[in-house]
Amino acid sequence: MELTAALLSVLAPLAPAVKGWLDSVAQRNRAVARAEIIRARRLKHDGGQEREEGDD
């Protein structure tokens with residue numbers, strides 16, 4: 001029981017930091033997914049041909 005209390009007293013202050021880190025990772029994953037969707041729509045709109053940088 002004392003070990004559990006000791007672990008909780010150490011881990012409880014770290015919970016907000018871990019939550020913030022997980023939120024950051026999730027936001028980064030959503031941004032990557034959003035970029036992939038935009039890229040796929042652009043390729044579909046352009047007839048499926050990949051564009052080089054500066055071909056506008």
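These legends walk through a few close-up views of a predicted model. Local features need pLDDT of at least 70 and side-chain atom pairs pLDDT 80 or more, while totals for chains, interfaces and linings use all residues. Residues are numbered from 1 along each chain as its sequence is written, and side-chain values use heavy atoms, without hydrogens and water.

View 1. Helices (H or I, at least four residues) and strands (E, at least two) are DSSP runs, numbered from the N terminus. Of the 56 residues, 0% count as buried, where buried means under 20% relative accessible area, exposed over 50%, and partly exposed in between. The accessible surface (Shrake-Rupley, 1.4 Å probe) comes to about 5500 Å², with 60% of that belonging to carbon and sulfur atoms.

**View 2. A nonpolar surface patch covers about 830 Å².** Its residues are Leu3, Leu7, Val10, Leu11, Leu14, Val18, Trp21 and Leu22. Patch members have over 30% relative accessible area and no salt bridge, and nonpolar side chains are joined within 5 Å; a salt bridge is a Lys or Arg side-chain nitrogen within 4 Å of an Asp or Glu carboxyl oxygen. Helix α1 gives the most, with 4 residues.

**View 3. Here is valine 10, in helix α1.** Why does valine 10 count as exposed? Its relative accessibility is 52%.

**View 4. Helix α2 and the residue just after it.**

Notes. Patch = residues over 30% accessible without salt bridge, like charges linked within 9 Å, V, L, I, M, F, W, Y side chains within 5 Å. Buried < 20%, exposed > 50% of the residue type's maximum accessible area, 1.4 Å probe, protein only.
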